[in-house]
Every structure is written in C-alpha cells, then in structure tokens.
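Work through the exercises below with the sequence and the model side by side. Try each task before reading its solution.

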Amino acid sequence: MQITISVVLSALAAVITASVAAFAWQRRQTAGAVPVAVFTGAASLWTAGNALQAASVTLSGKLFWVNVQYVGLAVVPLAWFAFACEYTGRERWANRRTLSILAVPMIATVALSWTNQYHHLVRTSSDIVTVGGIVIVRRSFGPVFWLSWTYSNLVNGVGTVLLFHGLVRSHRLYRRQTLAVLTGTTVPWLASFLFYTGLTTVEPEVFVAVSGLAFGYAIAEYDFLDAVPVGRATVFEETDDPVLVLDGDDRIVDANPASRDLFGWGTADTFVGRPIADACGEHTELVERYDDGESGTEVVVEDDGERRYFDVQFSSLSNDSVRGTTVFLRDVTRLKRHERHLERQNEQLEQVGHTIAHDLRNPLNVAQGNLQLARDANDADAVAERLTKVDSAHERIDDIIEEVLAVAKGERTTTCDSLRLRRVAEDAWRNVETEGAEITFDGTDRRVLADEGQLTSAFENLFRNAVEHGSTGIVHRTITPSNTVVPT
C-alpha cells in the first residue's frame, strides 16, 4: 500500500461527502434531503474507491477498487437529476418509472465493468506502471465506457440545467444556495471532462470534495434543506382553490386540477383555447362576473347537485409579450354555511326574546292577580283556591322557561300529539288574567294534532288579546275546532 497526495485528497473528499450524506439522511423528511443523501453517499463511495485504488500497488487490487468506483459513478447522475427535480418542484419528473428507465444503462455499465475480463468493452487494456516512485494504473477505455460517460454527462447536464433555470427565477435566498450547490457539482464535472479527454492528468475524484464543501456551506449559511424553494408549478397544481389562466382574447390557456374537477373538464384539450364564455357556459354568473371584472364578488356553482360558493378575484397578467388574466376562485362554502348557521341562531334568539316579552306575561299576571286576591281574602278556602292558581301559573312559567332555554340551546324540537282541544283551551284560560270574562264551548269536543306547548301559547295569547282589547263586560269568542294539524 502506498500513501500519495491523490490518496489523501480522495480520502478527504470521501469523509466530507459521507458527513454531508449522514446529515442529509437524518433530515430525510425534508424536501430534497433523500436525493442529497444518495448523491453525496454515492460520491463518497466513488472517492473512497479511488483512494483505495490509488493506495493499492497491484493490478488486481486497483481494478477491484475501480469496479467499486463504478457503483458510485452509476448512482451519482441519477441522484443529481432526482435532486434537481425535487428542488425545483418537478417531483413528477423523477418518479420511480423514470428513474428505473434512466438507471438501466448505468446498471449495465457496472455489470460490464465487473465482467470486463470476458469482453473488454469497458477497458480494452489495463496495466500498472511506476511514475516517480508511485504505482499507477494505466487503462485504455472501450466503447461501453465512452457511451456510459456520455450518457452520465447528459443526465448530469439535465439536472444542472433544471437547477440553473431555478437559479434564474428564484428568490435571492434560494438563488445564493442554488449557486453554491451548482458550483460544487460543476467543478468535479468539469474536472472529469478535462481528465477523460486528456486535457489534464489530475484525477477528478479529488475535486469531489468541492461538492461536499459546497453542500456543507449551503447547509450552514442558508439553511439548505430547511429552506427549499417550492416550484411555481407545484403551487399551481396542488392548490385546493380553482385557478384559471386566460389570454388577452379571454381564452383559457391553463387550469389547475381543482378547476378541472369543479367544471368537469377532462384533459387539457377540453378547455385549452376555448373562450371562458364557452368553457364555463353553464355557469353564467361566473362569466358575468368576469365580463364585469368585479373582484370580490360571490358566485354560486352547482357541483354534483351541491351548491358551492366562491369569492372571485381577478389578477391582470401583462408584460412586453403576454397579456391575460388569472381568475382565482376561493371556496367560501364553509364560511357561507357558517353564516347561515349564525342567521338561524339569531332567529332563535329573536324567538326567545319574543317569548320572554310576550308569553310570560299571561301566567305572570295570573300569579300576581291571584296572589293579591289571596291577601285580601278572609276565607281560608278562598285563599287556598287563589294560591293553587298561583302555583299553577308558576308551573306554566317554569314550562315556558324550559322551552325558551331549549330554543336558545338549539335543542327545541316540535312534536305533534293527538290533543283534546277543549282541555288545552281550558288549561290556557286558567293561565290568563281574565278580569271576570268567561269561556264557553259550543259544539262537540275535537282532537287535533299539534305541539301542546305551542298550541297552549297560541290560546293564551288569543285569550289575553280578547280580554285586553275586547268590549267591556263579558267577552264572547267562538272557537270552532276542525280536525286539522295545527301549524307549528
């Protein structure tokens, strides 16, 4: 085994990249962390293999570690591409199917490298030479190597272009951290190009340390992996509220999935290029709001028989080459339902107030009147009779209060029972201060379906109004019952 500058630098690069990989793996729940961990882990295997290859002094030992390097080299471009997609909000590009297809040529290269002695497609020849007292491996590369090298650079290049595109369009914070990562990966990529094209003799593995340092700098300085930009496309696609993009001629040029679900559109062919008046023709209220350009207005959309409410906002799009409008439909259905619930509660409170102000007056007047008569009476039987009426009035007050509380709590339910009309009327009469008036019944007794409490209150109010607003003397009111359901 020999210790050289190449061994030391490659080992240092392996340690740095392995450290970044370990940190990224600990944060694997964060967007972009897993690809970073795989990328730097593969880079660590690549550089560690090179360190051990450079330290070996036999041809078999050097070729073994060269083959180990190929494992890391096969993973690096795929991980870089996956990271670029996830970092720039294009996760759907780096799905399992795509990565599996991209991995096929790299897996084939690894397999051919380990079996090179049978076909020499990766290395046509290999031997060791001593240069300046250092044993190095000398290789001549075959067609599979060059095809794999070209393919790997293409995949790396796509990932780099994606990141560069994100660099141009991103916020300053993300721009700096993206620039740091791009610099770290471009340096070893450029060194590899120069080495394998014969423009330099410095092995590219020693420059991989720059990648590790760049990722480490981005993590330490810019909270890389904590502050990962979310692609505009991701926001547009995943927002729950419908969004439409129209050109200057009022034609739809794009719509997010929420819009497609709401309006029943299938593929893009069903709406792209169509005027909004045509594509949303069934929703005339929305088209009218768009024609008026009134933001903040509310529209109703029928969705599978359900009424949904949306707050409509319009935003103009204009630059030197593009003019159009973005239509945002904020779903306020839950808010609308809550408003209706509050309206019903207010109605119930009004009913409570009316009951307190009106219905309690009848039994309260009866109680007060009979209490005064009991005080003035000298006969014990007369006092007992008056107090019994006071007690009955208090019971009626208690019933009314229970009904009021039930209404206030939203627990009031209407129940229709079969009731004898005469009995209900007599009970109600006893709850009213009649001032000497009399109640008489003509005809036969009838049964009706009604809520007893509400029917009693209706009779009480009827009798009190008759007594208060009728002529002096005996008040005559004829009640002609019919076999009907009393509305509640």
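**Exercise 1.** Describe how helices H2 and H3 are packed, giving the distance and angle between their axes.

Solution. Start with the axes: those of H2 and helix H3 (residues 59-87) come within 7 Å and cross at roughly 160°. Helices are DSSP runs of H or I with at least four residues, strands are runs of E with at least two, and both are numbered from the N terminus. An axis is a line fitted to C-alpha atoms, for helices over the stretch in contact, and angles run from 0 to 180 degrees between N-to-C directions. Next, classify the angle: H2 and H3 are therefore roughly antiparallel, a term for angles over 145 degrees. Then take the hand, which for H2 and H3 is left-handed; this means that the near helix is turned anticlockwise from the far one by less than a right angle. Last, sort the residues in the contact of H2 with H3: 21 are nonpolar, 5 polar and 2 charged. Here Ala, Val, Leu, Ile, Met, Phe, Trp, Tyr, Cys and Pro count as nonpolar, Asp, Glu, Lys and Arg as charged, and the others, Gly among them, as polar.

The model is predicted: local features need pLDDT of at least 70, side-chain atom pairs count only at pLDDT 80 or more, and totals for chains, interfaces and linings use all residues. Residues are numbered from 1 along each chain as its sequence is written, and side-chain values use heavy atoms, with hydrogens and water left out.

**Exercise 2.** Is Arg-308 buried or exposed?

Solution. First locate Arg-308, in strand E6 (residues 306-318). Its relative accessibility is 18%, so Arg-308 counts as buried; the cut-offs are under 20% relative accessible area for buried, over 50% for exposed and in between for partly exposed (1.4 Å probe, protein chains only). Its side chain is joined to that of Asp-331 by a polar contact of 2.7 Å, where a polar contact is a pair of N or O atoms within 3.5 Å, one able to donate a hydrogen and the other to accept it, and residues adjacent in sequence count only if both atoms are side-chain atoms.

**Exercise 3.** Find where Arg-274 lies.

Solution. Arg-274 is in the loop between H10 (257-263) and H11 (276-279). With a relative accessible area of 27%, Arg-274 is partly exposed.

Conventions: Parallel < 35°, antiparallel > 145°, perpendicular 65-115°, else oblique.
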